[in-house]
Amino acid sequence: MMTNDFVIKIATVNGTGSASANTLLMKSIFRSGIPVMGKNYFPSNIQGLPTWYEIRVTKHGYVARQGKVDIMVAMNAETYGKDMREVAPGGYLIYDSTWPRPALLKREEITVIGVPLARLCNESFNGVRTRILMKNICYAGVLAALLDLDLQKIRELLAETYGKKPALVDSNMKAIELGYAYTKEHYKCPLPLRVEPFSKEEGSKTAGHIMIDGNTAAALGCVFAGATVAAWYPITPSTSLMDAYKGFADRWRVDPETGRKNFAFIQAEDELAAIGMVLGASWNGARAFTATSGPGISLMNEFLGLAYYAEVPAVVFDVQRVGPSTGMPTRTQQCDLMECAYASHGDTKHVCLYPSNPEECFYMAVEAFDLAERLQTPIMVLSDLDIGMNDWMCRDLEWDDAYRPDRGKILGLDEILKLDKFYRYLDKDDDGIPYRTLPGVHPKASYFTRGSGHTQFGTYTEDSVEYQIVLDRLVRKFHTAKTLLPKPVVRMHGTKTDVAIVSLGSCDGAVQEAIDVLERMGVVLDYMRVRAFPFGEEVEKFLADHRTIFVVEQNRDAQLRSLLTLETAVEKSKLRSLLHYSGLPISSSFIVEGVLAEIAPGGDRLKVVDLPRKARMP
Amino acid sequence: MTFIPKPKVSHPSLPKNALGFTRRDYEGALSTLCAGCGHDSITAAIIEASWGLSLEPQNVVKLSGIGCSSKTTAYFVSGGHGFNSVHGRMPSIAMGANAANRNLTYIGVSGDGDTLSIGLGQFCHAIRRNLNMLYIIENNGVYGLTKGQFSASADIGTKAKKGETNLQAPIDPVLLAMTLGASFVARSFSGDKEQLVPLIQAGLRHKGFALIDVLSPCVTFNDHEGSTKSYAYTREHYEPAVHADFIPFEREIKAEYKEGEALTVVMHDGSRIVLRKLDAAYDPTNRIAAFAQIQERMKQGEHLTGLLYVEPLQQEFHDMNGTPDAALNAVPYEKLSPGAKGLEKILSRYR
């Protein structure tokens with residue numbers, strides 16, 4: 001019995017309406033009070049290529065992939081063989097039995113469920129396109145019967161989705177009922193793997209939660225932070241962040257009396273222009289941001305160096321995708337860690353934030369604007385495709401109306417009038433952060449912004465000493481940054497151990513689950529998730545306190561490990577990499593296996609309590 | 001280079017503008033360009049034009065990219081903020097700055113390399129957005145700071161100082177801007193202050209993207225025999241077609257114009273430009289005819305100059321975006337956040 005704890009994977013062809021069926025299934029489970037995870041593996045294509053959707057029903061509330069499939073809905077003939085092979089022993093395969101399936105492809109240890117989806121839909125609907133779309137809705141009905149989903153909740157969801165088109169609610173519901181009725185009639189329902197609302201005592205495990213993607217949450221953060229200038233060039237997987245910002249701004253930023261928009265939304269000609277616009281706007285006192293992915297950061301490098309050196313605030317969201325080069329644009333990775341930390345020529349370093357889920361995208365977006373203005377430098381928020389484009393179950397976002405933007409050290413007219421003279425790059429407060437002024441306030445406050453060598457007084461220089469004074473102060477500013485950035489999140493095991501995992505961003509869910517699994521096997525680990533670069537004291541301490549540290553990240557070259565060795569005092573040999581870079585989100589089983597592979601051969605080297613022999617994930 | 005401060009000594013008898021400022025108040029740091037550089041004359045014309053319009057110095061924003069021309073933004077209106085950005089990307093900085101505060105005066109100074117090679121894309125897109133700014137190209141057909149390579153505006157057959165002949169076709173910023181729908185397109189010569197100053201004033205008051213391509217000979221690398229951008233060659237081949245007298249809203253038209261000779265264009269703020277046609281056949285309000293004539297004369301080796309095309313009442317970026325009249329950077333935070341109650345409403349969609 002695996003009630004409320006199993007994985008469904010749905011294989012379809014993109015552009016055939018399966019996305020709405022998948023969302024429907026996931027949300028109906030979520031609304032029944034059972035935690036759920038959804039991941040979309042889609043091609044860089046509009047129509048006709050294979051696409052998969054993975055739904056994990058998880059009573060424990062795990063947010064990552066587990067790494068196995070219990071129920072496969074194999075709707076795509078092209079991938080049928082591969083999809084069948086992926087089903088775990090004891091699992092189920094659902095296929096469209098309108099046509100016979102290849103006889104060669106058989107597995108005795110799984111249960112195959114055939115439903116003539118195409119035939120059912122062809123009999124009930126007209127039009128080629130409608131029939132294809134309805135066939136994909138129909139499998140939701142099959143799953144509803146097998147998993148014991150609440151049809152009433154499904155109808156409610158359809159009504160919300162197609163509120164203005166009741167005919168669509170009826171046709172979709174009809175398709176679902178066709179699949180539902182056929183399955184009930186021909187198979188024993190529900191399966192042992194099923195969804196069952198928790199008892200009254202246990203209560204809902206999804207109350208106080210939402211299902212939201214990271215791009216939407218980050219966009220909301222931008223709106224709440226008071227960002228008014230948004231400039232961007234379309235690139236997957238960041239585009240939906242800008243779309244969401246525009247959607248929210250159109251709803252919340254239009255003056256009800258005048259109809260004027262309290263934001264500027266500029267689609268730039270390329271990423272170079274996008275970051276240029278952000279810098280121009282931030283320099284001129286607006287909160288401005290852009291969203292892009294790795295290739296965009298590559299193009300922005302020159303301007304990022306200017307912003308670092310001339311000390312212009314900016315907020316840049318990098319929703320990472322698979323590289324190098326064009327790579328796999330619709331797959332996820334954490335491959336821009338080095339690129340963002342040191343973007344541009346010359347001695348440059350940038351403040352980076354690493355959200356781990358949509359909830360953190362929201363709060364870190366707001367924080368990024370405060371930090372950008374406080375530190376007068378670009379803040380890079382490194383999300384990834386998994387966080388940005390998948391719906392995650394998160395706690396309700398909260399907002400404190402007492403929040404006011406931290407505009408940092410901007411001199412107003414009164415302060416300017418009190419000055420004899422204004423000097424842009426003086427370290428008056430000994431924290432490495434100078435004062436700035438905005439155009440249009442007073443002629444006394446004017447200064448010249450430039451990427452060429454400048455003195456602390458803001459004038460051009462080619463003098464070695466004057467040049468170094470400014471460059472050295474920038475290092476002090478970077479040290480100040482360490483004290484202002486989000487602290488790492490540390491999960492210490494009750495039992496003392498000197499083995500640990502260090503990770504970041506979207507690896508978090510998989511690491512958390514892996515630690516639970518390993519603990520049950522007798523392997524005790526501490527865990528630290530870094531949330532910002534540069535690393536502060538807490539990171540140093542954690543690294544110093546552990547003897548063996550697994551660095552879990554989603555790229556080939558161990559970029560987090562590199563950053564740790566470059567920017568902390570950690571001994572390189574202590575850090576062991578667990579690298580996942582297939583383009584799919586990392587799974588908990590990958591980490592469990594990785595840790596066990598390291599510690600199994602010489603078990604005594606690490607602190608292992610009661611490790612079962614040949615322990616491996618099922 | 002701008003490390004040489006200019007001593008400020010003003011004679012009490014210097015004329016003052018409406019704000020009580022003398023021309024000296026619109027100067028900047030001392031120029032470090034070569035003696036006789038055309039760019040310095042353009043700087044002087046910008047100072048004269050800004051003084052004449054009584055611009056509040058702090059409301060002037062000066063923007064540039066990289067190159068000899070881009071240095072000049074430090075040489076005028078020291079009371080305004082300046083932004084010397086990266087090569088060819090000034091238009092994007094200008095776009096962002098203008099988006100944040102539409103109520104300042106944006107002057108961009110660029111060169112033919114900065115605009116027509118590395119920055120061609122941004123230049124074109126600033127025009128498409130009708131970004132409200134004055135964009136001056138100090139056009140000398142050559143890369144000065146890197147010592148004399150041809151730029152994209154070099155004419156076919158022109159000779160470099162070291163003797164090489166250019167064989168590639170030039171990109172003409174005036175024709176390009178007209179193709180892209182620019183609403184204010186002018187050409188002038190750094191040596192013709194009488195023509196240039198009123199053009200700059202009209203360009204500053206124009207709502208939208210105002211381009212002035214100023215032929216500005218490079219005395220060091222492109223003033224030799226065989227060059228088509230030398231002082232001598234430019235003087236010989238430039239042909240004033242339309243003289244523009246700029247008359248601010250507050251002032252009356254005093255000069256007398258002969259019947260049929262002058263054409264008055266009213267700008268968005270009520271200012272007027274009186275266009276004196278020096279070439280009777282030229283019509284600066286007809287894009288297609290003007291384009292053909294400029295091209296025709298170019299074939300004969302002549303540069304028509306003056307306000308070559310103007311269309312004063314076009315929508316600029318903010319009109320298209322629907323932003324308020326006040327600067328976006330001054331909208332109170334309370335108007336920008338949906339607040340905790342708003343968030344609750346928003347989240348209901350995600351349950």
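**Close-up views of a predicted two-chain model**

**View 1. Helix α6 of chain A and its packing partners.** Through its buried residues, α6(A) packs against β6 (111-115), α3 (117-124), α4 (128-147) and α5 (151-161) of chain A. These buried positions of α6(A) are Asn172(A), Ala175(A), Ile176(A), Leu178(A), Gly179(A), Tyr180(A) and Thr183(A). Helix α6(A) covers residues 166-186.

**View 2. The domains of chain A and the contact between domains 1 and 2.** Chain A is divided into domain 1 (5-206), domain 2 (212-395), domain 3 (413-484) and domain 4 (489-605). The centres of domain 1 and domain 2 of chain A, taken over C-alpha atoms, are separated by 35 Å. In the contact between these two domains, 12 residues of domain 1 of chain A meet 10 residues of domain 2 of chain A. On the side of domain 1 that touches domain 2, strand β2 (residues 36-41) of chain A gives the most, with five residues. By class, that side of domain 1 has seven nonpolar, four polar and one charged residues.

**View 3. The enclosed helix α7 of chain A.** Of the 12 residues of α7(A), 12 are buried, so the helix is largely enclosed by the rest of the structure. The buried residues of α7(A) include Gly214(A), Asn215(A), Thr216(A), Leu220(A), Cys222(A), Val223(A), Phe224(A) and Ala225(A). For 12 residues at 1.5 Å each, α7(A) should span 16 Å; its end C-alpha atoms are 16 Å apart, which agrees. Just after α7(A), Gly226(A) takes a positive phi of about 90 degrees.

**View 4. The contact between chain A and chain B.** Chain A brings 58 residues to this contact and chain B brings 51 residues. The elements of chain A that give two or more residues to the side touching chain B are β7 (209-213), α7 (214-225), β8 (229-232), β9 (264-267), α9 (271-283), α10 (294-310) and β15 (448-450). Among these, α9(A) provides the largest share of that side, nine residues. Sorted by class, the side of chain A that touches chain B has 32 nonpolar, 15 polar and 11 charged residues.

**View 5. Strand pairing across the two chains.** Strand β15(A) is joined by three bridges to strand β2 (residues 82-84) of chain B, and the two strands run parallel. Within this pairing, Thr449(A) has Phe83(B) of β2(B) as its bridge partner.

**View 6. Chain B as a whole.** Chain B has 11 helices and 12 strands. Its radius of gyration is 21 Å, close to the 20 Å that the globule rule gives for 351 residues, so chain B is as compact as a globular protein of that length. Along the principal axes, the C-alpha atoms of chain B fill a box of roughly 75 × 50 × 50 Å. Of the 351 residues of chain B, 54% count as buried. Among the contacts in chain B with a separation of 6 or more, 71% are between residues 24 or more positions apart.

**View 7. Strand β4 of chain B between its pairing partners.** Strand β4(B), residues 133-139, has seven of its seven residues buried, so it is largely enclosed by the rest of the structure. Met133(B), Tyr135(B), Ile137(B) and Asn139(B) point one way from β4(B), whereas Leu134(B), Ile136(B) and Glu138(B) point the other way, and all are buried. Strand β3 (residues 105-111) of chain B pairs with β4(B) in the parallel sense over five bridges. β4(B) also pairs in the parallel sense with strand β8 (residues 209-215) of chain B, over seven bridges. Leu134(B) is the bridge partner of Ile107(B), and Leu134(B) stands opposite Ala210(B) in β8(B).

**View 8. The surroundings of Ala160 of chain B.** Ala160(B) lies in the loop between β6 (149-150) and α6 (173-179) of chain B. Apart from its neighbours within four places in sequence, Ala160(B) is in contact with Gly148(B) and Phe150(B). Ala160(B) and Phe221(B) are 61 residues apart in sequence, and their C-alpha atoms are 7.7 Å apart in space.

Notes: Residues are numbered from 1 along each chain as its sequence is written. Chains are lettered from A and ligands numbered from 1 in the order in which they are written. This is a predicted model: local features need pLDDT of at least 70, side-chain atom pairs count only at pLDDT 80 or more; totals for chains, interfaces and linings use all residues. Two residues are in contact if their C-beta atoms, placed from the backbone, lie within 7 Å. Helices (H or I, at least four residues) and strands (E, at least two) are DSSP runs, numbered from the N terminus. Ala, Val, Leu, Ile, Met, Phe, Trp, Tyr, Cys and Pro count as nonpolar, Asp, Glu, Lys and Arg as charged, and the others, Gly among them, as polar. Two strands pair if DSSP finds at least two bridges between them. A residue is buried if 20 or more other C-beta atoms lie within 10 Å of its own, exposed if 12 or fewer, and partly exposed in between; C-beta atoms are placed from the backbone. The expected span of a helix is 1.5 Å times one less than its number of residues. The radius of gyration is taken over C-alpha atoms; the globule rule is 2.2 Å times the number of residues to the power 0.38. Domain bounds come from an automatic or database domain assignment.
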